[in-house]
Amino acid sequence: MIYFLIYLFLEVTLTIEIASKIGGLATFLEIVGSAFLGIFILMNFRHALSENLDALRTRQIDMQGFSNRNISGLLGAILLILPGFLCDIIGILMQFSLLVTLIINRFTRKYPTENNHTYTTRKDDHVIDAEIIDDTRSLR
């Protein structure tokens with residue numbers, strides 16, 4: 001909840017500052033233009049998805065890179081549709097996959113890679129482990 005209030009404060013402050021400098025008509029045109037850009041990106045998302053699928057198929061990217069590129073493109077387009085200057089700035093930045101990959105890799109969890117263990121022979125590898133069973137009647 002606190003993060004939303006911080007975002008809302010920054011959005012309102014930035015929008016008022018920019019709108020007071022560029023005027024009402026330019027603010028309206030920016031909001032409408034960014035919404036059309038976001039809709040255009042969503043309508044053409046299938047092309048970006050097919051390019052990412054080809055890159056995944058040819059092993060240029062891994063599965064995490066594939067999901068990061070697609071999620072950032074969709075989220076950036078949705079942010080461009082929402083009114084506000086801060087949403088538009090973040091939405092445009094999210095369209096650049098390199099910047100988004102750097103940000104996502106910074107905050108995501110790193111999983112250790114699977115190591116292929118190579119077994120080396122030690123001094124006692126030729127010894128066969130055995131269990132010695134005593135043949136006394138007290139144990140039965």
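From the N terminus on, the order is α-α-α-α-α-α. This is a predicted model, in which local features need pLDDT of at least 70, side-chain atom pairs count only at pLDDT 80 or more, and totals for chains, interfaces and linings use all residues. Residues are numbered from 1 along each chain as its sequence is written, and side-chain values use heavy atoms, with hydrogens and water left out.

Next, colour the chain by burial. Of its 140 residues, 20% are buried (under 20% relative accessible area; exposed is over 50%, partly exposed in between; 1.4 Å probe, protein chains only).

Now select residues 63-81, which form helix 4. Its 19 residues reach 28 Å from the first C-alpha to the last, close to the 27 Å expected (1.5 Å times one less than the number of residues). Buried residues here include Phe66, Leu79 and Leu80, and also Gly65, Gly73 and Gly76.

Then select residues 2-22 (helix 1) and 85-94 (helix 5). How do they cross? Their axes come within 7 Å and cross at roughly 100° (axes are lines fitted to C-alpha atoms, for helices over the stretch in contact, and angles run from 0 to 180 degrees between N-to-C directions). The two helices are therefore roughly perpendicular (65 to 115 degrees; under 35 is roughly parallel, over 145 roughly antiparallel, the rest oblique).

Show side chains at this contact (heavy atoms within 4.5 Å). Helix 1 supplies residues including Tyr7, Leu10 and Glu11, and helix 5 supplies Phe85, Leu86, Cys87 and Ile89.

Terms used:
Helix = DSSP H or I, 4+ residues; strand = E, 2+ residues; numbered from the N terminus.
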